[in-house]
Amino acid sequence: MAECLFCRIVRGELPAQIVHETDAVIAFRDLHPQAPTHVLVIPRRHIATLNDLTADDAPLMGEIALAAQEVARLEGIAERGYRTIMNCNLAGGQTVYHIHLHVLGGRQMTWPPG
Ligand code: 5GP
Ligand code: ZN
């Protein structure tokens, strides 16, 4: 996936403000933050959408959730609360086709989302 934006961030070819990383995932600040904290947690391995996950990816998704928890702790928003979102395909609002979990916090979230 040479042309994938987030694969390029994983390879260090594009700069990103990384806040947390493990062997399997990295977490970096969104370029256009929608809240005081807006971090994206992604797997290092390219997976285009949530629809492309297989049963073998279940541990990886667990790592993504744990990384989101760690980001919230590092950002000081864990206790007050935060929102995690994974958009899928066009109607879900996905614009970058390498799965990512948004971690948003530092302000009151509203429901329903837009
Ligand atoms: P999606 O719309 O696919 O759920 O989310 C993609 C997110 O990636 C958007 O919030 C967008 O601001 C962010 N984004 C797009 N290009 C870049 C980039 O080059 N660097 C970073 N850090 N974030 C990006
Ligand atoms: Zn990718």
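Me: In what sense do S3 and S5 pair, and over how many bridges?

Reply: This is a predicted model. S3 and S5 pair in the antiparallel sense, over 5 bridges. Take one position as an example: Val-39 has Val-103 of S5 as its bridge partner.

Me: Which sense of pairing links strand S4 and S5?

Reply: Strand S4 covers residues 82-85 and pairs with S5 in the antiparallel sense, over 4 bridges. Here Arg-83 has Leu-104 of S5 as its bridge partner.

Me: How do I read the two faces of a strand?

Reply: Start with the general idea. Side chains in a regular strand alternate between the two faces of the sheet. Now the case here. One side of S5 holds Leu-101, Val-103 and Gly-105. The other holds His-102 and Leu-104. Both faces are covered, and all these residues are buried.

Me: How many residues of strand S5 are buried?

Reply: In S5, residues 101-105, the count is 5 of 5.

Me: Where do Cys-7 and His-46 sit in the chain?

Reply: Cys-7 is in helix H1 (residues 5-10). His-46 is in the loop between strand S3 (37-43) and helix H2 (58-75). The pair is 39 residues apart and links distant parts of the chain.

Me: Is Cys-7 buried or exposed?

Reply: Cys-7 counts as buried because its relative accessibility is 7%, under the 20% cut-off. His-46, at 24%, is partly exposed.

Terms used:
Residues numbered from 1 in each chain as written. Chains lettered and ligands numbered in written order. Predicted model: local features only at pLDDT ≥ 70, side-chain atom pairs only at ≥ 80, totals over all residues. Heavy atoms only, no water. Helix = DSSP H or I, 4+ residues; strand = E, 2+ residues; numbered from the N terminus. Buried < 20%, exposed > 50% of the residue type's maximum accessible area, 1.4 Å probe, protein only. Pairing = 2+ DSSP bridges.
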